[in-house]
Amino acid sequence: MSDSDSVGPTDPRTTRPHIVLVTGQAGAGRSTALNVLEDAGFEAIDNLPLRLMPALLSAPARESPMALGIDPRNRDFSLDAMMDLLRQLAATPDVTSELLYLDCSTEVLLQRFSETRRRHPLAPADRPEEGIRRERDLLAPIRNRADVLIDTTSYSIHRLREDIEKWFVPGGQHLLAVSVQSFSYKRGVPRGVDIVYDCRFLRNPHYDKSLKALNGTNAAVADYVKEDARFDGFAQKVLDLSLFLLPAYREEGKSHISIAFGCTGGQHRSVTMAEDHALRLAEAGWPVSIRHRELDRQRIAEAPT
């Protein structure tokens with residue numbers, strides 16, 4: 001089966017539980033495929049023993065689709081068990097299932113194993129060529145049953161991501177989640193942040209007695225900060241930069257970007273700016289989550305024990 005023979009992309013209108021089985025040659029990109037599906041909202045489970053499949057299928061249906069990695073290295077893997085699973089799924093009327101098979105030429109697989117200095121899992125004591133041959137023979141009947149077959153011989157990681165999204169993500173659109181947070185420079189820049197903005201030049205409510213005890217989620221505090229003549233220009237330039245960068249990050253294959261705003265105490269200016277920026281991004285159609293690190297810590301400290 002070639003790519004052109006494959007079934008079309010999953011219909012996003014279906015309401016039945018959706019399961020994608022992911023398998024193929026070791027080194028062909030199975031783990032990458034699972035990561036892409038997980039980024040797209042699938043519940044990804046790798047290397048699940050086939051004997052546990054019946055229990056998984058009989059469990060209550062979940063709203064999110066599932067991507068199950070099937071690895072021939074699993075100790076209870078067998079061709080008969082895999083074919084039985086495919087027949088069982090095909091005979092289950094309330095489940096939509098698809099088999100994604102990742103293939104690759106022997107020459108490129110040998111190159112990949114040489115670059116990573118790993119032994120082939122089906123030939124740990126032999127040459128990689130022998131393991132590749134054994135696995136290709138073992139998986140041939142499964143390959144022939146594939147709904148979607150992707151040959152990654154000439155693929156980059158980005159090309160593989162694009163193809164998987166084309167087949168399995170509604171609209172073929174890679175999803176990029178954006179998190180926006182505020183923080184205090186006194187406690188340091190949060191770990192794992194991609195982009196940081198310093199808000200300490202803005203008007204500071206800390207010195208207004210009526211606002212000092214409040215925070216940037218309060219309308220009076222936000223209004224005070226936004227009265228700074230530089231606020232609108234700063235907020236617009238930050239938004240313009242985000243709207244320029246986020247599509248580029250999505251095309252690069254990133255699944256999550258974190259944007260942080262800092263001020264001295266992490267209570268007023270950074271909170272106001274984070275709230276404002278998150279709202280602007282949401283209005284522009286980006287999925288956004290927001291967190292205020294110092295306010296969260298304060299709530300935890302004040303919670304009754």
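**Getting to know helix α1**

Buried residues (under 20% relative accessible area with a 1.4 Å probe, protein chains only) make up 42% of the 305 residues in the chain. This is a predicted model, where local features need pLDDT of at least 70, side-chain atom pairs count only at pLDDT 80 or more, and totals for chains, interfaces and linings use all residues. Residues are numbered from 1 along each chain as its sequence is written, and side-chain values use heavy atoms, leaving out hydrogens and water.

Trainee: Which residues of helix α1 are buried?

Mentor: Helices here are DSSP runs of H or I with at least four residues, and strands are E runs of at least two, numbered from the N terminus. Helix α1 spans residues 30-39. Its buried residues are Arg-30, Ala-33, Leu-34, Val-36 and Leu-37.

Trainee: At what angle do α1 and α6 pack?

Mentor: Axes are lines fitted to C-alpha atoms over the stretch in contact, with angles from 0 to 180 degrees between N-to-C directions. The axes of α1 and α6 are 10 Å apart. Their packing angle is about 50°.

Trainee: Which residues of α1 make the contact with α6?

Mentor: Contact means heavy atoms within 4.5 Å. On the α6 side, the contact involves Ile-157, Leu-160, Arg-161, Ile-164, Glu-165 and Phe-168. On the α1 side, the residues are Thr-32, Ala-33, Val-36, Leu-37 and Asp-39.

Methods:
Buried < 20%, exposed > 50% of the residue type's maximum accessible area, 1.4 Å probe, protein only.
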